[in-house]
Amino acid sequence: MSTQLYVTSVEEMQAAKRQATQVHDGLKGVTVGETRLSQVDGEHGKLCYRGIDVGTLAEKSTFEETIYLLWWDALPTAEQLATFSAELAERRALAPDIHRLLQVLPGAAEPMDALRTAVSALTCTVDDDGDRCHEASVKTAMALTAKLPTITTAYYHYLNDEESIPPDPTLGHAANFLYMLHGERPTEMESCAMDVAMLLMADHGFNASTFAARVTSSTLADLYAAITTAIGTLSGPLHGGANRRAMEMLLAIGSADKAEAYLTSALAEGQRIMGFGHRVYRHVADPRSHTLRRMLYKLCEQHQRMDLYELAGAVADLMATKKSLYPNVDFYTAPILYLLRVPLTLFTPVFAISRIPGWTAQVMEQYANNRLLRPLARYVGAEHRAYIPLDRRRA
Ligand code: CMC
């Protein structure tokens, strides 16, 4: 009887050990926490922020309203929105030291690297008193959200031996970004396109950069550290770096009639087509792509670039037929940014500028109910190796 009990418990222990050491490659399908921020429904192709459909938000709201929604869990009243927008606009300017830092970065650093470095440097301009409450975090989140477009555009101008363009407090967040980039006020349609693109990128569950930010904040490191981590994670081609590469591909293809030959050869070579496929939306289109496609249509019409719309559409149709892969958020964002005359090198920084409300909201959510994020790894390396003293080692 006792032996039987013993065997059962060994079996149980072995089963528990097997389960504990089961590897989930790429964390695919693993749920690691809870969020009240964005609901990503990969089966039906739906995305909501705080329960509100993003398509509806993009149609009826602004980026600023969306930030408010993410941080305070409610859409603002007209008065709250006016106060919040003014507070955000007030924080856009950078300290002279940050401008100097951007001017002396060595070797024409990539704008994403400059952005990450400047955000990290912003930590030095504040004293961290260790307070991780919502009120304290929102202040930092507001400063970061306000300053990211200023850092990005200032660095771009410095790289081109130009003066940076100070923010215009009378413009909304998206319009001000375009203004600081081009030195002229965007049209209403351009501001709207930028605003919609930013709004649609504001949050997206536990994507890689958000998860990275949550891991950092789970150690109770400050928001600057978490956002520095997130920017580094976003920069890779499989994440935020895809929008620029999607545009480079569209430019390389040139016109809709050349799309089939290009894709056939690229896919035959085993290339990944940037802007397609998604870890969560596996069999449906990314819900953000519908709104973005409509926005691209309007912009192409206004800029008399229907050829670009047809090219993007041809690539999307071919990818659906050939690979059953659908556009993700990066695909239609790319030609939108291109028509807004955003330089290709700034495409991924634009993703960061857009995602900062989500990153910061997710960090605040992590602080509010924190548990150190610390997974396991299964060791598969050598075991029981003899130690060789230094004088007996041979190359
Ligand atoms: N082009 C060609 N084949 C693809 C693509 C693509 N864009 N995406 C997936 N596949 C194939 C992949 O080769 C694999 O085929 P097989 O099973 O024959 O090896 C299969 O589809 C499954 O791919 P996976 O890599 O296992 O899927 P994943 O969930 O690990 O990767 C992804 C998701 C987004 C990294 C991937 O679709 C990809 O590399 N896309 C291109 C880069 C891109 O657009 N990234 C932006 C992602 S959305 C916004 C964001 O989060 O930044």
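Buried means under 20% relative accessible area and exposed means over 50%, with partly exposed in between. Keep that handy for the close-ups below, which all come from a predicted model.

**View 1. Arg244 and Glu110 pair up in a salt bridge.** Here the two side chains meet at 3.5 Å, N to O. Arg244 sits in helix H12 (residues 242-253) and Glu110 in the loop between H5 and helix H6 (111-122), so this pair ties together parts that are 134 residues apart in sequence. With a relative accessible area of 21%, Arg244 is partly exposed. Glu110 is partly exposed too, at 39% relative accessibility.

View 2. Asp113 counts as partly exposed at 29% relative accessibility, and Arg116 is partly exposed at 29%.

**View 3. Arg305 and Asp307 make another salt bridge.** This one spans 3.0 Å, N to O. Arg305 comes in at 28% relative accessibility and Asp307 at 38%, so we call Arg305 partly exposed and Asp307 partly exposed. Elsewhere, salt bridges with shared partners join Glu110, Arg244 and Glu248 into one network. In total, the structure holds 11 salt bridges.

View 4. Ile98, His99 and Leu102 are the buried ones shown in H5 (residues 96-104).

**View 5. Lys28, Arg272, Arg279, Arg282 and Lys323 form a positive surface patch.** Arg282 lies in the loop between helix H13 (259-268) and helix H14 (287-302). At 41% relative accessibility, Arg282 is partly exposed.

Terms used: Residues numbered from 1 in each chain as written. Predicted model: local features only at pLDDT ≥ 70, side-chain atom pairs only at ≥ 80, totals over all residues. Heavy atoms only, no water. Patch = residues over 30% accessible without salt bridge, like charges linked within 9 Å, V, L, I, M, F, W, Y side chains within 5 Å. Areas by Shrake-Rupley, 256 points an atom, 1.4 Å probe, with all protein chains shown as cover. Salt bridge = Lys/Arg side-chain N within 4 Å of Asp/Glu carboxyl O. Lys, Arg positive; Asp, Glu negative; His and termini not counted. Charge placed at Lys NZ, Arg CZ, Asp CG, Glu CD. Helix = DSSP H or I, 4+ residues; strand = E, 2+ residues; numbered from the N terminus. Buried < 20%, exposed > 50% of the residue type's maximum accessible area, 1.4 Å probe, protein only.
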